[in-house]
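Here is a short briefing on the structure below. Look at the domains first, then at the sheet and the helices.

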Amino acid sequence: MKELVILSGKGGTGKTSLTAAFASIAKNILLCDTDVDAADLHLLMNPEINKTHDFIGGNEAVIDPDKCTQCGLCMELCRFNAVKDTFEIDLFNCEGCGVCYDLCPEKAIAFPRTVCGQWFISDTRFGPMVHARLGIAQENSGKLVSQVRQAAQKMAKTKNRDLIITDGPPGIGCPVIASIGQATALLLICEPTVSGLHDLKRVIELARHFKIPAMTCINKYDLNPKQTGTIKAFCEKTKIPVMGEIPFDPAFTKALVQGKTILEYDKESTTSRIVKEIWDKIYASSEMKSSLNHLFN
Amino acid sequence: MIISVASGKGGTGKTTVATNLAYSLKEKVQLLDCDVEAPNSHLFLNPEIEKKHLVNASVPKVDQAKCSLCKKCMDICRYGAIAVLGKTVMTFENLCHSCGGCFQVCPENAIVEKNRTLGTVESGHVNGISFIHGRLNIGQVMVPPIIREVRTFEKKNMVNIIDAPPGTSCPVIASVNHADVVLLVTEPTPFGLHDLKLAVKTVQALNVPHGLVINRVGIGDSAVEAFAKEHHLPVLMKIPFDKQIALVYSKGLLIAKELPEYKEKFIQLYKKTKELATKGN
């Protein structure tokens, strides 16, 4: 079993639209959405949820005003500035470290576990899908991503799926790092802008840091052909294969409005044909040759 | 005043709004780029970086000779960042949240604080704009401490414009909390609308006044505007979908500079934003 994780560094370059398009071409796959704080893949996949699990992200401190003597020790110990002057906890600042709970001399602090979101096992027209929803203003998205990927890998094994296609989050931080550990390869979707290249460089460095094979695909390449050239030259220099270039095509948004992938919207269009060629190239690439199977032996 | 520019969905135009707003105003302006994973504002403003410093987090360093293997550090750590294995104490710096619990509970004073570098904060100027941004080091996961460090530069007598990261979780909270007003940049597509709804809930939970900037108007459908109307969310600016704007952006240029009619539009945006900050939603 293999896992291809789709990333970009910069947001809004087309990760989700292309993940969905590839899902409509690839055979025997399982879909996974690890952009847990702004998950969008379900809007194109229309999943039928079979199982919902609560995500217990951690614990949060609660001060009991009846027991609290306002000694101020918690305030002094808290590194996150989460104890307000009124001896209440600012839940947006609390990181759930439990130091105040453990060390309060009056045992006036409770430390209940908190449900920080949900994750789902679903069926879609392209195969099973594992996805999640992080609660509003919650933390621990990396931990939720790890749970989602573990569930996806387990399910892919039981359902004999050859490939997991994972729609990843933007950036290079905690949820991205949680999305790529032991992945077969990364596909980096880049747009021909100076920001696109800047952020592509950072995500390539991340791939190198964790020694995961990476390839790129340039989306909306014709919005700035010169910048597309610069990006291709950079990729050549750093030995990151470019799998193809997709033109700017309003059909992506039109398809999205109808809840369809670009191939479902118009299978015969030039863009659809290009996307299919790119997928075939990715699937046959040397980057996709290694295998995740060692994880399960 | 602190104006935070946020979005939910990535790539909707946060950096475009933040940098063009900073460029257009006559007021004393600071731009603070808090998207430390993928900071882009500097590409549009080209500030001269004058100062640079590291952002560190304290992680435990154990003196094995003093350690009595009592496991109190392991018991207090909720992140699995310190563990007693056989006769040694292992630390896992990448998991550590720097809560300081292990230092507090060690009865032998065998744990000292050691610095681990998370990233850098750089500051400088360009055309009268003060510029500050944070950069997360590759492979590091702790983003909020860098954002908090960037935000220590906020100044009361200036217009502080924060370019926030996408999403709705901790880095966004750190970039939006205690702002006077939030501009939510969105696009008129189902993805834009879905993530806007999450972003609105996030800023409502933080109780910060908020208004919308709709970018790429004309590209999708009218559901975002209908949502804004239904929930009485003020639309402070609309930017049309225009290949010329996309081209200017792609080159790392400012639309308020290259397409001068936009300068006045960003001044108007500022006026409306200021009003919203005072009177609330």
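**Domains**

Chain A is divided into domain 1 (2–56 + 117–296) and domain 2 (61–111). The model is predicted.

- In chain A, the C-alpha centres of domain 1 and domain 2 lie 41 Å apart.
- For chain B, the domain assignment gives domain 1 (2–27 + 158–279) and domain 2 (56–117).
- The C-alpha centres of domain 1 of chain B and domain 2 of chain B are 43 Å apart.

**The sheet of chain B**

- Nine strands of chain B form an open sheet with mixed pairing, in the order E3-E6-E7-E2-E8-E1-E9-E10-E11.
- Strand E3 (48–62) and strand E11 (235–240) of chain B are at the edges; each has a single partner strand, so one side of each is left without a neighbour in the sheet.
- From one strand to the next, the twist averages 20°.
- Strand E1 (residues 2–6) and strand E8 (residues 159–163) of chain B run parallel and are joined by four bridges.
- Ile3(B) has Ile161(B) in E8(B) as its bridge partner.

**Helices of chain B**

- Helix H7 (residues 190–206) of chain B lies across E1, strand E9 (181–186) and strand E10 (210–217) of chain B. H7 runs at about 170° to E9(B).
- Helix H11 (residues 261–279) of chain B lies across E1, E9, E10 and E11 of chain B. H11 runs at about 155° to E11(B).
- Why is helix H1 (residues 14–24) of chain B described as largely enclosed? 11 of the 11 residues of H1 are buried, so the helix is largely enclosed by the rest of the structure.
- The buried residues of H1(B) include Lys14(B), Val17(B), Asn20(B) and Tyr23(B).

Terms used: Residues numbered from 1 in each chain as written. Chains lettered and ligands numbered in written order. Predicted model: local features only at pLDDT ≥ 70, side-chain atom pairs only at ≥ 80, totals over all residues. Domains from an automatic or database assignment. Buried ≥ 20, exposed ≤ 12 C-beta atoms within 10 Å, placed from the backbone. Helix = DSSP H or I, 4+ residues; strand = E, 2+ residues; numbered from the N terminus. Pairing = 2+ DSSP bridges. Axes fitted to C-alpha atoms, helices over the stretch in contact; angles between N-to-C directions. Contact = placed C-beta atoms within 7 Å.
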